[in-house]
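Hi,

Here is the structure I promised to pass on.

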Amino acid sequence: MKTLRRFLSPLLILALVLGSVSVSAAPLPASELISTQTALSAERADADRERIHEVLSRDEVQKQLIAQGVDLAEVEARVAALTDEEAHQMAEQLEQLPAGASVVGALLVVFIVLLVTDILGLTNVFPFTR
């Protein structure tokens with residue numbers, strides 16, 4: 001019994017001492033931290049882009065875009081290149097359109113976005129903007 005006490009006593013003392021020492025976690029680098037607002041806005045931007053893709057994937061919209069001489073691959077590339085704010089603005093405009101005019105309104109919104117990016121020199125779709 002005495003040998004057991006001699007063996008366990010130092011181990012228990014060591015366990016109590018080590019257990020009472022506080023260890024602080026190293027802070028994450030600032031580049032890995034994101035705010036709640038940033039996470040929510042990224043989620044909203046994904047939902048906005050999904051809404052735009054949903055409208056653009058309709059057959060009647062694609063037919064109208066082709067009739068206007070717009071390349072569908074170019075439209076997809078431009079939607080992907082939109083900033084989060086531009087995507088939100090475009091999706092908001094799509095939501096506000098009346099149900100019957102959604103195709104024409106969607107085309108108009110897409111045309112305006114393409115025209116503005118063309119005038120700014122970000123793309124080269126319409127030759128009349130030069």
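Below is what I found, going from the whole chain down to single residues.

First, the ground rules. This is a predicted model, so local features need pLDDT of at least 70 and side-chain atom pairs count only at pLDDT 80 or more, while totals for chains, interfaces and linings use all residues. Residues are numbered from 1 along each chain as its sequence is written, and side-chain values use heavy atoms, with hydrogens and water left out.

The chain has six helices and zero strands, where helices (H or I, at least four residues) and strands (E, at least two) are DSSP runs numbered from the N terminus. Of its 130 residues, 24% count as buried; buried is under 20% relative accessible area, exposed over 50%, and partly exposed in between, with a 1.4 Å probe and protein chains only. Among contacts (heavy atoms within 4.5 Å) with a separation of 6 or more, 57% are between residues 24 or more positions apart.

Start with α1, residues 2–20. Its 19 residues span 27 Å from first C-alpha to last, close to the 27 Å expected at 1.5 Å a residue; the expected span is 1.5 Å times one less than the number of residues.

Next, a helix pair. The axes of α2 (residues 36–56) and α5 (residues 84–96) come within 8 Å and cross at roughly 50 degrees, which makes α2 oblique to α5. Axes here are lines fitted to C-alpha atoms, for helices over the stretch in contact, and angles run from 0 to 180 degrees between N-to-C directions. Under 35 degrees counts as roughly parallel, over 145 as roughly antiparallel, 65 to 115 as roughly perpendicular, and the rest as oblique. On the α2 side the contact includes Arg44, Arg51 and Ile52, and on the α5 side it includes His88, Ala91 and Leu94.

Two arginines deserve a look. Arg51 is in α2 and is buried, with a relative accessible area of 19%. Leaving out residues up to four places away in sequence, Arg51 touches Arg58, Ala91, Leu94 and Glu95.

Arg78 lies in α4, residues 72–81, and is buried too, at a relative accessible area of 6%. With that same exclusion of residues up to four places away in sequence, Arg78 touches Val113, Leu114, Leu115, Thr117, Asp118, Thr123, Asn124 and Val125.

Cheers
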